[in-house]
Amino acid sequence: MKTDRHGRIIELITERNIETQEELAELLKKDGFKVTQATISRDIRELKLVKVSMKDGCQKYAINNNHLEERYSEKYIRVLKDSYLTMDVAQNIIVIKTVSGMAMAAAAAVDALKFPGCVGTIAGDDTIMVAVKSTDEAHKAMQIIKEMIFN
């Protein structure tokens, strides 16, 4: 129920300019959700919604993009942790061995995390090659990846 309500809140604030908690509560009630002001307040806090100014000077609820980036980063790190077996460097190429079938997902995670100096990845079934601009940057990126995986 909470997940459905949170999903509907995201839809509503994306589709409409909702300025107040009362307005949000009314819309949710029309959709069949039983909510109180305290519930709405808690949902806004849990979803980390923010108020942004519109051109006309009014404010509306919006998704905090920084929160989304943080949430996605956590997912990408989890993918790396879950798939990682070993890693080595060959000049400016980082080679990451993964659990069989996980290289594509782990490569997408590496791309999304935008490590300094990384210009792209190539993935097979259980191996990723990460192209890095220089040998020094490859070693730095490898150290960052290790810290993410082992912390």
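The axes of helix 2 (residues 21-30) and helix 3 (residues 37-47) come within 10 Å and cross at roughly 105 degrees. Helix 2 is therefore roughly perpendicular to helix 3 (65 to 115 degrees; under 35 is roughly parallel, over 145 roughly antiparallel, the rest oblique). The model is predicted: local features need pLDDT of at least 70, side-chain atom pairs count only at pLDDT 80 or more, and totals for chains, interfaces and linings use all residues. Residues are numbered from 1 along each chain as its sequence is written, and side-chain values use heavy atoms, without hydrogens and water.

**Helix 2 against helix 3**
- Axes are lines fitted to C-alpha atoms, for helices over the stretch in contact, with angles from 0 to 180 degrees between N-to-C directions.
- Helices (H or I, at least four residues) and strands (E, at least two) are DSSP runs, numbered from the N terminus.
- Helix 2 contributes Q21, L24, A25 and L28 to the contact (heavy atoms within 4.5 Å).
- Helix 3 contributes Q37, I40, S41 and I44.
- By class, this contact has five nonpolar, three polar and no charged residues.
- Ala, Val, Leu, Ile, Met, Phe, Trp, Tyr, Cys and Pro count as nonpolar, Asp, Glu, Lys and Arg as charged, and the others, Gly among them, as polar.

**Aromatic rings**
- The count comes to one aromatic pair (ring centres of Phe, Tyr or the six-membered ring of Trp within 6.5 Å).
- Y84 and F150 have ring centres 5.7 Å apart and planes at 90 degrees, so the pair is edge-to-face (over 60 degrees; under 30 is stacked, the rest tilted).
- The pair links distant parts of the chain, 66 residues apart: Y84 is in strand 3 (residues 84-90) and F150 in helix 6 (residues 135-150).
- F150 is exposed, at 56% relative accessibility.

**S83 in helix 4**
- S83 belongs to helix 4 (residues 65-83).
- S83 is buried, with 1% relative accessible area.
- Beyond neighbours within four places in sequence, S83 contacts K97, T98, V99, M102 and A106.

**D88 in strand 3**
- D88 lies in strand 3 and is partly exposed at 49% relative accessibility.
- Not counting residues up to four places away in sequence, D88 touches I93, I94, V95 and M142.
- D88 and M104 are 16 residues apart along the chain, and their C-alpha atoms are separated by 18 Å.

Key. Buried means under 20% relative accessible area, exposed over 50%, partly exposed in between (1.4 Å probe, protein chains only).
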